[in-house]
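Work through the exercises below with the sequence and the model open. Each task is followed by a solution in steps.

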Amino acid sequence: MQTFGWPEAMFIFRAAGWTLLLTVISFAIGSIIGGAFAIMRLSRIKLVRNFAATYILVIQSIPVLMVLFMSYYGLSIIGIELPPFFAASASLAVYVSAYLAEIWRGSIESVPFQQWEASSSLAHSPAQTYRYVILPQAIRISLPPTVGFLVQLVKNTSIVSVVGFVELSRAGQLVNNATFQAFQVFSLVAVIYFAICFPLSRLSRHLEKVMNASRSH
Amino acid sequence: MQFDPVLAESDLILSGIWLTIWLSASAIVLGCSLAVLLVALRTLAGRWAGIVVDAYVELMRNTPFLIQLFMIFFGLPLLGIRMSGVEAALLTMTLNLGAYSTEIIRAGVESIHRSQFEAGVSLALSRRQVFQYVVLQPAFARVWPALSSQFVLMMLASSICSFISVQELSGAAAIVEQRTFRSFETYIIVTAVYLVMALSLKVFLLWLGRKLFPQVSGLSRLDAKAEAA
């Protein structure tokens, strides 16, 4: 039986790098899809609006685990075989998109509607209104909850081992299976997650305070 | 797509649904009780109790549910505490939801104005009575929407318990998948079931909130008046 030593710890640290990469890539893909859904959710066309609303509601009402399974098997049924890392990123991106869409919709809606009127009276097109008037304000408002969601995302990357990818949690499991020193192994894994998530949580809370301060003036 | 082989295993799926409901309901009741206890400790007991509660909350909120589950399921037996998968799942869910609810209820308690405490004390209520009737109940009413969505998230997160082969809905799905080799069909059905359960839970919690806190609309009206004045 192996004991839990440096080589095992290094294996776990390397896996933490994969967790970070997975977070960054799924967030990047998810934010593009999520942004599109946020704007669709606010569309003037009822069908588009309802479609986006249904998408968000459904993804938010099923477990992330099921989102992973569905997008993974769904992709393979339409004949797309992705390597585990991309399958995991793509599946997580679906989950990310629904939550970001909802957060960003709220942020866009909380920009006062007079801003829309002012912009259109300056003869801006809808695209220009979004680009120059609404989004710069909405992005500021959306920062605290978006960073807060990032914490949820980091934590939820822990379950992508179901699509066959070895990240931090899976690495912990593998080392535990070899060493049976669950406490040491999972403590290290937990500490690494904490070291990633805690600063993000604090940042989110800090941003919230800063934003509130600027609004009350 | 063939749904028949999956539907033939509906007994297994039904028992999975039942276990998911049981786990979620128990975790909500236990987790909420734990949270109320911790908030009371944080509000009424000394500074050190507050620091310990805060540390617990931050620890649980910044580590994945899965790792907490592994810690309890694989770690505790090394200390001589043995428990079945279902027990470990319930304990982890309670501790996890307890931490999130503590944070939410604490925010509610902090939103109660100081003058309310003073009014309670001047009516000769005891510290415990003030906490229960003047602080806790209105605080609960205010944070009920946030608490409700946390409950729904917990119900959805219970699917992670299938990682330690607890046969709740996701665990049952994994077995059905192995027996029938119909992965996509199995997960379509199970996902639909989760969807129905989550939406029903949302509606139920909305109804429960109206039943438990009928005064909440009146309360917010009073607040609005106070702010206008």
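This is a predicted model: local features need pLDDT of at least 70, side-chain atom pairs count only at pLDDT 80 or more; totals for chains, interfaces and linings use all residues.

**Exercise 1. Describe the fold of chain A.**

Task: State which secondary structure elements chain A has and in what order they run.

Solution. Step 1: count the elements; chain A has eight helices and zero strands. Step 2: read them from the N terminus, which gives α-α-α-α-α-α-α-α. Step 3: take the extent along the principal axes; the C-alpha atoms fill a box of roughly 75 × 50 × 25 Å. Step 4: look at burial and contacts. Chain A has 217 residues, of which 38% count as buried. Of its contacts between residues at least 6 apart in sequence, 76% join residues at least 24 apart.

**Exercise 2. Find the buried face of α2(A).**

Task: Determine which residues of α2(A) are buried and how they are arranged about its axis.

Solution. Step 1: check the helix itself. Helix α2 of chain A covers residues 46-60, 15 residues in total, and spans 21 Å from its first C-alpha to its last, close to the 21 Å expected at 1.5 Å a residue. Step 2: list the buried positions, which are A:A52, A:I56 and A:I59. Step 3: look down the axis; the buried residues of α2(A) fall within an arc of 75°, so they line one face of the helix. Step 4: turn to the other side of α2(A), where A:K46, A:L47 and A:T54 are exposed. Step 5: identify the cover over the buried residues, which includes α1 (6-41), α3 and α4 of chain A.

**Exercise 3. Locate the centre of contacts in the largest nonpolar core.**

Task: Name the residues that touch the most other members of the largest nonpolar core.

Solution. Step 1: the core holds 111 residues, and those touching the most other members are A:L68, A:Y95, A:F186, A:Y193, B:L69, B:F70 and B:I160. Step 2: find the main contributor in chain A; helix α4 (residues 84-109) gives the most to this core, with 14 residues. Step 3: follow one residue. Leaving out residues up to four places away in sequence, B:L69 touches B:A88, B:A89, B:T92, B:I160, B:C161, B:F163 and B:I164.

**Exercise 4. Characterise the side of chain A that touches chain B.**

Solution. Step 1: each chain, A and B, puts 27 residues into the contact. Step 3: the largest share, ten residues, comes from α8(A).

Key: Residues are numbered from 1 along each chain as its sequence is written. Chains are lettered from A and ligands numbered from 1 in the order in which they are written. Helices (H or I, at least four residues) and strands (E, at least two) are DSSP runs, numbered from the N terminus. A residue is buried if 20 or more other C-beta atoms lie within 10 Å of its own, exposed if 12 or fewer, and partly exposed in between; C-beta atoms are placed from the backbone. Two residues are in contact if their C-beta atoms, placed from the backbone, lie within 7 Å. A nonpolar core is a set of buried Ala, Val, Leu, Ile, Met, Phe, Trp, Tyr and Cys residues joined through C-beta atoms within 7 Å. The expected span of a helix is 1.5 Å times one less than its number of residues. The arc is that of the directions from the helix axis to the C-beta atoms.
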